[in-house]
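Open the model in your viewer and keep the selection tool at hand.

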Amino acid sequence: MSDYLILDKVTKSYPSPRGPSIIVKDFNLRLRKGEFVCLIGHSGCGKSTVLSMVAGLSEMTEGGMILAGRELVGAGPDRGVVFQSPCLLPWLTAFGNVMLGVEQAFYTASKEERTQIVEYYLTMVGLGESMHKYPGDLSQGMRQRVGIARAFALSPKMLLLDEPFGMLDSLTRLELQEVLLELWRKDRKTALMVTHDVDEALFLSDRVVCMTDGPEAEVGEVLEIPFSRPRNRSALLADPEFYRLREELLTFLSDRAGRPGARSPVAGLDSAPVPKTIPRPAAPAAKHRSQLATTHP
Amino acid sequence: MRNIRSKLDWLLMPLVGFMIAVAVWEFVSVALCKELPSPAKTWSESRDYVLKPFEKRGEMDQGILRFTWYSLILVAKGYAIALAVGTPLGFMLGLSKTFTKIFDPIIQVLRPVSPLAWLPLGLVLFVGAGKQASELGALFTIAVCAMWPTVLNTAVGVRAIPQDYLNVARVLKLSRSKTFVKVLIPATLPYMFTGFRLSLGIAWLVIVAAEMLTGRPGVGGFLWQEYNALNYARIILCILTIGFVGFALDRLMGCAERCFKTA
Ligand SMILES: Nc1ncnc2c1ncn2[C@@H]1O[C@H](COP(=O)(O)OP(=O)(O)O)[C@@H](O)[C@H]1O
Ligand SMILES: [Mg+2]
C-alpha cells in the first residue's frame, strides 16, 4: 500500500458512428506519496483525457482509480487542478478566486484563518501586491500564478496540472517552473503534471511517463529522473546525465511513441539509425540559458 | 480647432438632423397635408402641457410629464413582472435540454403575438377584478409581451457559459446554490442585461397601446383622447414625448449593461 495514486487499467472511449473510439486503453500508473510525475506525449494522444479522469471531470469507461486508499469518484477539492488556461472567474479578484476554493476546502475554519491561507499562497506565488486585482488586469503569467495558488491553497491530497505553462512565453515559463517547484518543496504534494516540454519534465519531476500515440494510448516508457533536490537549473544544464535523459525522451517521442509495443527498435535498413553520440549544445548557448534561469527568483 | 469641432460634433450633428426633420414636417404640413399641424401650431397648442408639465386640471387634462409619470409607473410594474417571470424561465431553458424541448415551441408561438391581441385577453382574465381590471389587464399585456427578450437572452447566456467556469465549480465541488450564485449568475449577467434592455423597450412600446385601448390616464391614453377630440397637435406632442422617454430609458439600460460587461 505504498502507492498513493493507483490507476488500474483505466480506459476511455467515446461513442462514435463507427463503434466506440478508444482514446486511452489499459492505462496503468502508480504514484508514490510525494512524488512528482510528468506525463509526456504527443499532442492529441490523450494526456488531458487521463488527467481529467483523475480530476473527476470526465468519467472513465473502464478501470479503477484509487487515491490515498480510497476509490476516486467524481471531482472534489481533494485534488488541486491547474488548467492550461488559468480558468479564473473574471468577476472575482485574484483573492476572491483563491478564496472560493479555500471556503470549500476549509469550511470549518474561521474567516480570519481562511484569509490568512489565501494571502499566504498568493504571496508565495509573488502576488502579494496585486491580490485584489481582477484577472483582466493581470498578465497571462500572473493569472497562472493565481491558478497555481488556488490549487495549492486547497491543501489537496494531490495536484493535477495540465500543461499549466503551455500558453506562456518561454521566459515566464521558466519563472513559473521555479515558483511551482518552490511551492511544491514546502509540502511535497503528490503531483501529476502533463507537459509536452521535455526540459520542463526533466527539471520538475521524479519520474517521466511517456505515453504512446493514440488511439488506444497507453504508458510507453517510464524514466526515473535521479537529480537531487532542491534542483538548480544551471547545475542541471551542466550535467551530462541531463542530456542523456533528454535524448532518451526525445528518441522515444520521435521514434517509438507511434508504435506501441515496439520496445527496442532494431536499427535496420528501413529505420534511421539512432544517434550514438549525445549532441551537446555549444557552450555559449548553455551559458545563455542558465542565465535566463537564474535571473529569476 | 479641429479638436473643438469634433468635441461639439456629438451635439451639432444631431441638431442638424432635428432641423432637417422639422423642415420636412413644416413642408408636409404646408404643402401636402393641411390636416397635419405645423411645428409652430403644435407648439402653441402644446405649450400649456409642456410649460406646466406637472399640473393636474382634470383626469384626462394634465401636464405631459405627469402623464408620463403615470405611464412609467405602469411600465415599471409590468416590467418587474416580466423580469421576475422571464429570468428564471430563461435559466431553466438554458440549464435543461428537456425543459427546452418541452417549452421552446410554445415560446416560439407566443412570442410574435402582438400586444393588441393580448390586451383583450388580459381584460377578460381580470374581469372579476372590477375597477382594477384595466390596470391588471395592461400589466398582464406588458409582462407577457416584454418578457421574451429576457427569457431568450438569459437562456443563450446560460448556454454560452464557458466550460472552464463550470469545471472550476466542479473541481471545487461547489454546491448547487453556490455554483448558481458565484458562477452561473455572474457569467450570464451581460446577456441578461441585453435581454433586460430589449424588454424595457418593448414594455414601453406596449404601454401606449394598452393605455390607448383602456383609456387609462398616461401618455398613450392622452394621445388617444386628443385624437378623438380632433386636437392633432397634441398627438405630435405625445409622439415626441414617447420617443424621448423611450430613448432615455434605452440609454439608461445601456449604461447599466456596460457596467456589467466589464465584470
Ligand atoms: N468529447 C470527445 N469526444 C470524442 N473524442 C474526444 C473528445 N475529447 C477528446 N477527444 C479525443 O481524444 C484525443 C485525446 O485528446 P486529449 O486528451 O485532449 O489530448 P492531449 O491532451 O494529449 O493533447 C484526441 O484525439 C481527441 O480528438
Ligand atoms: Mg491537452
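Helices (H or I, at least four residues) and strands (E, at least two) are DSSP runs, numbered from the N terminus. This is a predicted model: local features need pLDDT of at least 70, side-chain atom pairs count only at pLDDT 80 or more, and totals for chains, interfaces and linings use all residues. Residues are numbered from 1 along each chain as its sequence is written, chains are lettered from A and ligands numbered from 1 in the order in which they are written, and side-chain values use heavy atoms, with hydrogens and water left out.

**Ligand 1**

Select helix H1 (residues 47-55) of chain A. H1 gives the largest share of the shell around ligand 1, three residues. Now show the residues around the ligand (a heavy atom within 4 Å). Among them are Tyr14(A), Ile23(A), His42(A) and Lys47(A).

Zoom in on the polar contacts (pairs of N or O atoms within 3.5 Å). A polar side-chain atom of Thr49(A) sits 2.5 Å from a ligand 1 oxygen. At Gly44(A), a polar backbone atom is 2.6 Å from an oxygen of ligand 1. For Gly46(A), a backbone N or O atom is 3.0 Å from a ligand 1 oxygen.

**The sheet**

Next, select the open sheet of six strands in chain A, ordered S6-S7-S8-S3-S9-S10 with mixed pairing. Two strands pair if DSSP finds at least two bridges between them. Strands S6 (79-82) and S10 (219-224) of chain A are at the edges; each has a single partner strand, so one side of each lacks a neighbour in the sheet.

Move to S7 (residues 158-162) and S8 (residues 190-195) of chain A: they pair in the parallel sense over five bridges. Finish at Leu161(A), which stands opposite Met193(A) in S8(A).

Methods: A polar contact is a pair of N or O atoms within 3.5 Å; within protein, one must be able to donate a hydrogen and the other to accept it, and residues adjacent in sequence count only if both atoms are side-chain atoms.
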